[in-house]
Amino acid sequence: MKKGTLKQILLITDGCSNQGEDPAAMAALAKEQGIAVNVIGVIHDHQSDDSGIREIEDIALAGGGISQIVHTKQLSQTVQMVTRQAMTQTIKGVINQELQNILGDHETMEDLPPEKRGKVMEVVDELGETVDLEVCILVDTSASMKSKLPTVQEALLDLSISLNSRMGNNQFCLYSFPGKRHATNKLMAWTPQIDSISSVFTKLASGGITPTGPAIREAIQTFSKTSRRSFLSDDESFYEESGY
Amino acid sequence: MMNHSMKNQDINLASGTMITGKWHGKSYQVIKCLGSGAQGTVYLAHSPAGRVAVKFSKDRSQATTEVNVLKELQKVQGEPLGPSLYDVDDWVARGRNISFYAMEYIRGLPLVEYLKVKGFDWACILMIQLLKDLERLHREGWIFGDLKPENLIVSEPGFRIRWLDVGGVTLIGRSVKEYTEFFDRGYWGFGHRKADPQYDLFAAAMILVYAAGRKRFEKQQDSKKQLLEYIKNHKRLSSLQTVLNKAITGKYTRAKDMRDELLQQINETSSPQTRYYNKPVKPSRKMQQKRRRRKRGWMAMLVLGVFAAGLYILYLKLYVM
């Protein structure tokens, strides 16, 4: 059986977008192309900005992914948990689709007797362990995120440890937004391992622009590049630059 | 804790509530809540088979995974590793399907509580028990995964360590999905999260580190050095330094080897410290100080006495002779 590749965008942000397309619409666009959008909202302890939180939830709902609001301290565990659970969710979605095709009507995993459910879950676990995964990480580096970026870095290194302990292959790429000339700024091209990103977030954008929607749009583009790259492996740099 | 679309329901059941399974038809009557955490809620309940623990998980996939693990553990020969599984079913309540499973109710004190009242000596004994069980689990091709005091219980009577929550049990070679930072090899920078026996043995060593200081601490810049230094300088851990360092750096490939060496170390080292269990730490320190003060008083009296005796002898010599 040929397994496909799970594709995810992982958005780490702390607040409301204020420029360009509606981020939820862009997330829906990603979902249509088989890319799940997960959002981690990093908030201050005193923050209770409802509209920001609603935006975070909407993006994940529209993008077929998972959202989680966290305080900076719990970031590491949350990043890997959200990525994992989104993988399981996607795999279960596919399996439920298959079950419906076989069993008809609205049968899903949850309608099976516990014994059969257990068997299906074994398959889900197995797939989650062995499937290939591509994650495009989008980090909001607007001024208010500055104090959180060291923790974000650590969380991403930790994510790499977790995912590379799986049997399947991983590819990561890292973008920050806002960028200088575009919505995003490439920090790291597709790579199987996040090894050293120690000085990656040095250039911080100032000003009040948070173009979350356009950033998701650009993140979607990076995936089409990976599929082309797999055919033209020598010409990485050309395709990575040509997307804009 | 999680706030995503896979979230099941938050369960809050009053004592006396009757739960009947949709598929197997067994009934349970809730006695009381045993505990509630990020993963779900566990109730003590009456059942036809006696008292059982009934668990409702927040995440249905998680519940199914746990049941799969419990079934695997039951196949292992010898003393039970996890709680025995009795029943898995769905409960239809208020038009919703709520999945649950019933398992053996293990009476005892959670390890965290136990460590609070008993001394470090006990932690070492329980660790030796635990390592024996881990050896059996590893031989079957699994590791415990999320090994930490919260997932362990000291059963009564008999003071035997038992496994309470086996949700983190993972096939060797796969990735560890559930872990707790302080007990996690990846967090401290001592390796990956691919399941191997060494992963559990690292966590086992960290349980002793936790038990000695009765606290968890966060990593700093050079986390590996920080941890090894902590062990070296800790009065209760330094005697076990060789064993702990080997476990932490992944030198033991089998739980049995760690158990043998730990056992030998404990046999050789008699504990010079006074036992501190059941006594709050602060008052006892005060008492020690008082004792010391009293001792100093005695010394002063003694010196004064000798001095007075000397004077008396001098007096005798000068006047009598």
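**Notebook: a predicted model with chains A and B**

I began with helix α1 of chain A (residues 23-32), where Pro23(A), Ala24(A), Met26(A), Ala27(A) and Ala30(A) are buried. They lie on the same side of α1(A), because they cover an arc of only 160 degrees around the axis. The arc is taken from the directions from the helix axis to the C-beta atoms. I noted the cut-offs: buried means under 20% relative accessible area, exposed over 50%, and partly exposed in between (1.4 Å probe, protein chains only). Helices (H or I, at least four residues) and strands (E, at least two) are DSSP runs, numbered from the N terminus.

The model is predicted, so I kept in mind that local features need pLDDT of at least 70 and side-chain atom pairs count only at pLDDT 80 or more, while totals for chains, interfaces and linings use all residues. Residues are numbered from 1 along each chain as its sequence is written, chains are lettered from A and ligands numbered from 1 in the order in which they are written, and side-chain values use heavy atoms, with hydrogens and water left out.

**Ends of α1(A)**

I looked at both ends of this helix. After α1(A) comes Gly34(A), which has a positive phi, near 80 degrees.

**Lys148(A) and Asp14(A)**

I then checked a salt bridge (a side-chain nitrogen of Lys or Arg within 4 Å of a carboxyl oxygen of Asp or Glu). Lys148(A) pairs in this way with Asp14(A), the closest N and O atoms being 3.5 Å apart. Lys148(A) is in the loop between β4 (132-140) and α5 (149-163), and Asp14(A) is in the loop between β1 (5-13) and α1, so the pair ties together parts of chain A that are 134 residues apart in sequence. Both Lys148(A) and Asp14(A) are buried.

**Where the chains meet**

I counted contacts (heavy atoms within 4.5 Å): 33 residues of chain B touch 35 residues of chain A. Buried area is the accessible area (1.4 Å probe) that two parts lose on being put together, summed over both. For chain B and chain A this comes to about 3,100 Å², 46% of it on carbon and sulfur atoms. The rule finds 4 salt bridges across the interface. Glu126(A) forms a salt bridge with Arg174(B), with 2.5 Å between the closest N and O atoms. On the side of chain B that touches chain A, α1 (60-75) and β5 (85-93) of chain B each supply at least two residues. The largest share, 5 residues, comes from α1(B).

**Salt bridges within chain B**

In chain B, Lys75(B) and Glu72(B) form a salt bridge, the closest N and O atoms being 3.1 Å apart. They are about one helical turn apart, because 3 residues separate their positions in helix α1 of chain B. Lys75(B) is exposed, with a relative accessible area of 58%, whereas Glu72(B), at 27%, is partly exposed.

I also found Arg185(B) paired with Asp196(B) in a salt bridge (3.0 Å, N to O). Both of these residues are buried. One network of salt bridges that share partners joins Glu79(B), Asp133(B), Arg136(B) and Arg160(B).

Is Asp133(B) buried or exposed? Asp133(B) counts as buried, because its relative accessibility is 3%.
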